[in-house]
Amino acid sequence: MQLDRILQSQGFGSRKECRGLVRHGFVRIGGEEMDDPFVELDPQGLEFEVDGELWQYREVAYLMLHKPGGYEVSHKPKHHPSVFSLLPTPLRERGVQAVGRLDEDTTGMLILTEDGQLIHQLSSPKRAIPKVYQVTLKHPATPELVSALLAGVELHDEPAPVVAAGCEIIEECLLRLTITGGKYHQVKRMIGAAGNRVEALHRNAIGRLELPTDLAPGKWRWLSDTDLAALRCDEA
Ligand code: URA
């Protein structure tokens, strides 16, 4: 693939802009400044620098963001900054989309990708991919609360009771709740319907993929093939 096309595919602008980057000496490969935007390269595994920053060619972008509180999962945020503002420009330009939404005040794991099929798989009720939340409650958790969530609670506009796939009391006011759906405000509504209230919400895991403890709020990282298999709950 031609260098200008490679750069364009990775979000560095139009082909013309990418040719400009090369011609102005902003692009290096293996430490060497490139001067020919039309040079043919094998993109698989290619590492390149743009303006001193190292990138690896990714045919499709898959990443995880540790969403901080105070950010909206929207390209057109209304009251708070967008989570997309936490990504470098080339990733925003590539048009990565969030897999499902987290509320502005919810923190934790957010998956972003250009892969529409993955977005569908992770959101599809048929696949029932578990999403694990740490829920800080206003009132102490009781065995009755846990039983009610596991048995299913009635939510306005939902024809059938909505059931938690897992629920454990971690501390007096802390639950580990697993759900498989992705309904609007699902956790907050379930907890409300069971007679308590969410004070803080944090997503720890999707599928078998956990939010790494060394990924600070506001930071992102690429997903490996192993991460993707864990996310989709593929058979080992
Ligand atoms: N459930 C909620 O209520 N809010 C979220 O952000 C995620 C799940």
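**Figure 1. The whole chain and its domains.** Domain bounds come from an automatic or database domain assignment, and for this chain it gives domain 1 (3-56), domain 2 (62-124 + 211-232) and domain 3 (131-206). You are looking at a predicted model, where local features need pLDDT of at least 70 and side-chain atom pairs count only at pLDDT 80 or more, while totals for chains, interfaces and linings use all residues. Residues are numbered from 1 along each chain as its sequence is written, and side-chain values use heavy atoms, with hydrogens and water left out. Along the principal axes, the C-alpha atoms fill a box of roughly 70 × 40 × 35 Å. Of the 236 residues, 43% count as buried; buried means under 20% relative accessible area, exposed over 50%, and partly exposed in between, with a 1.4 Å probe and protein chains only. Among contacts (heavy atoms within 4.5 Å) with a separation of 6 or more, 63% join residues 24 or more positions apart.

**Figure 2. Inside the largest nonpolar core.** A nonpolar core is a set of buried Ala, Val, Leu, Ile, Met, Phe, Trp, Tyr and Cys residues joined through side-chain atoms within 4.5 Å. The largest one here has 33 residues, and those touching the most other members are Leu112, Val135, Leu149, Leu175, Leu177, Val187 and Ile191. Two or more residues come from each of β5 (62-67), β7 (107-113), β8 (131-137), α5 (143-151), β10 (174-179), α6 (186-193) and β11 (198-206). Domain 2 and domain 3 each put in at least three residues. Apart from this core lies another one, of 17 residues, including Leu122, Leu209, Leu228 and Ala230. In soluble globular proteins, nonpolar side chains tend to be buried together.

**Figure 3. Zooming in on Leu177.** Which residues does Leu177 contact, once neighbours within four places in sequence are set aside? The list runs Lys131, Val132, Tyr133, Val135, Leu149, Ala164, Gly166, Cys167, Val187 and Ile191.

**Figure 4. Where domain 2 meets domain 3.** Taken over C-alpha atoms, the centres of the two domains are 22 Å apart. Contact involves 15 residues of domain 2 and 10 residues of domain 3. About 990 Å² is buried between them, with carbon and sulfur atoms giving 41% (buried area is the accessible area, with a 1.4 Å probe, that two parts lose on being put together, summed over both). Asp103, Thr107 and Met109 supply 40% of what domain 2 buries against domain 3, more than any other three residues.

Figure 5. How many salt bridges link domain 2 and domain 3? The count is two, a salt bridge being a side-chain nitrogen of Lys or Arg within 4 Å of a carboxyl oxygen of Asp or Glu. Nine residue pairs are in polar contact across the interface of domain 2 and domain 3, both partners at pLDDT 80 or more. A polar contact is a pair of N or O atoms within 3.5 Å; within protein, one must be able to donate a hydrogen and the other to accept it, and residues adjacent in sequence count only if both atoms are side-chain atoms. On the side of domain 2 that touches domain 3, β7 and α7 (225-232) each give two or more residues, and β7 gives the most, with five.

Figure 6. His66 belongs to strand β5, and it counts as buried because its relative accessibility is 10%. A polar atom of its side chain lies 2.7 Å from the backbone oxygen of Leu215. Leaving out residues up to four places away in sequence, His66 touches Gly108, His202, Leu211, Leu215, Ala216, Pro217, Gly218 and Lys219.

**Figure 7. Two residues with positive phi.** Most residues other than glycine have a negative phi. Ala128 has a positive phi, near 50°, and sits in the loop between α4 (116-123) and β8. His185 has a positive phi of about 50°, in the loop between β10 and α6. Ala128 counts as partly exposed because its relative accessibility is 32%; for His185, also partly exposed, the value is 29%.

**Figure 8. Helix α2 and its surroundings.** In α2 (residues 15-23), Cys18, Gly20, Leu21 and Val22 are buried. The buried residues of α2 pack against α1 (3-9), β1 (27-29) and β3. After α2 comes Gly25, with a positive phi near 80°.

Conventions:
Helices (H or I, at least four residues) and strands (E, at least two) are DSSP runs, numbered from the N terminus.
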